[in-house]
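I set out below my notebook entries on one structure. Each entry records what I looked up and what I found.

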Amino acid sequence: MQQKGNNAAKAVFEKCIPAFFYQPHENDCPVLREQWIRAKYERREFTGENIYFQKIYKSDLFEATLWKKGRDNKQFLKKIFLLSQKEFTLRYFIREDSKIPKAVINMKALNAVFQPERIGHAHGLQISYTEDEHTRNIFVYHEDGQTIVSFFNALRATRLAYLLEKHPMLQEKDLLHQITAQCLKEGYMEKTGPTQREPFKKRWFTLCSRNRKLLYFKSPLDATDLGAVFIGTENHGYSVSENTSRTRGGRWHCGITLETPGRQFVFMCEQVQEQKEWLQAFRKVISQPMTPEDYANEAILRRGK
């Protein structure tokens, strides 16, 4: 009986959910789950009665005023963000009267994920994109939950529109996993240099299965990565294993060896559990078949070395 009631309510309140609209999971941050409930039951966005909100998300220009972290400091300042679905770009401006944007970000390699703990705000959002073969991070928030989640879904709508134009033979359902993606694994590890005689340095790492890249930063709130490692398949010379040798100079001793065609990387984790989680994440990416876009990304990273 309860299941029938749930299905009946779902048929009403989830009748017309746009493909781009993010439907949160149990482990997602509170603001995403809260705004999902409010969108369904308070604003009735998906009943088909009122398409106002869907028009807003998919409008040619979506504007939001957000608090953005400075690139070289921890101060957050108010910035104007302008999202263009026609041009597939996100611009942001230093001042309200600015005519020239501080940055123009293409949808091609854009990603957005909520990172409240890292940013130190319940509505903290991280926007990442590629520029000059490096990954750039922008950290923003807004005091109002509806505003930041609406901005997030407008980003997703624009990113999906870009993907549909790029892949005209595919349907929306085929592209949903490419719109935005959580990283597979992130955290601190120690890293040495190419000769493995260099001192180990503590770095913040993120591994994303969507682009098969292991990025490393000095700290979690860095604006630009220090480097990137492409993770291919076993057939192309990539493998990962536990490293049991004692290292010189490192404080941590739970080792990982990552083999690539051009170099062997050695990382050290603080705890055995972290080591196991990283090994599992690396193996998951290595087991995934490579796409034509993956081959292109691998070639770009190799040229940049």
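**Loop residues**

I began with Gln288, which counts as partly exposed at 24% relative accessibility; on this scale buried means under 20% relative accessible area, exposed over 50%, and partly exposed in between (1.4 Å probe, protein chains only). The model is predicted, so I note that local features need pLDDT of at least 70, that side-chain atom pairs count only at pLDDT 80 or more, and that totals for chains, interfaces and linings use all residues. Residues are numbered from 1 along each chain as its sequence is written, and side-chain values use heavy atoms, with hydrogens and water left out.

I located Gln288 in the loop between helix H7 (272-287) and H8. Helices (H or I, at least four residues) and strands (E, at least two) are DSSP runs, numbered from the N terminus. Leaving aside neighbours within four places in sequence, I found Gln288 in contact with Ser209, Arg212 and Thr233, where contact means heavy atoms within 4.5 Å. I also looked up the separation of Gln288 and His142: they are 146 residues apart in sequence and 37 Å apart in space, C-alpha to C-alpha.

I then turned to Arg43, in the loop between helix H2 (30-42) and helix H3 (52-57). Arg43 is buried, with a relative accessible area of 17%. Not counting residues up to four places away in sequence, Arg43 touches Gln35, Arg38, Phe53 and Gln146.

**Backbone angles**

Most residues other than glycine have a negative phi. I noted Phe88, whose phi is positive, near 55°. Phe88 lies in the loop between strand S2 (76-84) and strand S3 (89-93) and is buried, at a relative accessible area of 11%.

I placed Glu133 in the loop between strand S6 (125-131) and S7; its relative accessible area of 47% makes it partly exposed.

**Helix H6**

Which residues of helix H6 (residues 172-179) are buried? I found Leu175, Gln178 and Ile179. They cover an arc of only 100° around the axis, so they lie on the same side of H6; the arc is that of the directions from the helix axis to the C-beta atoms. An α-helix has 3.6 residues a turn, so residues three or four places apart point the same way.

The buried residues of H6 pack against strand S5 (111-114) and helix H5 (145-166). The face of H6 turned away from its buried side carries the exposed residues Lys173 and His177.

**Cysteines**

How many disulfides are there? I counted zero, taking a disulfide as a pair of cysteine sulfur atoms within 2.5 Å. The sulfur of Cys29 is too far for a bond, because the closest cysteine sulfur, in Cys183, is 14 Å away. The sulfur of Cys183 is also too far for a bond, at 7.2 Å from the closest cysteine sulfur, in Cys208. I recorded Cys29 as buried, at 11% relative accessibility, and Cys183 as partly exposed, at 26%.

**Pocket and cavity**

I searched on a 1 Å grid over the protein atoms alone: a cavity is a set of points where a 1.4 Å probe fits but cannot get out, a pocket is an open set with protein on both sides within 12 Å along at least five of seven lines, and lining residues have an atom within 4 Å of a point. Grid points are joined across faces, edges and corners, and a volume is the space filled by probe spheres set on the points.

The largest pocket holds about 1,200 Å³ of space. I found 49 residues in its lining, with Ala109, Thr130, Arg210, Asn211 and Asn297 nearest the centre. Helix H8 (residues 292-304) gives the most to this lining, six residues.

The whole structure has one cavity of 30 Å³ or more, and the largest cavity has about 100 Å³ of space. Strand S1 (61-69) and strand S7 (134-141) are the elements that give two or more residues to its lining. S7 supplies the largest share, four residues. Among the lining residues of the largest cavity I noted Lys68, Tyr92, Arg136 and Leu221.
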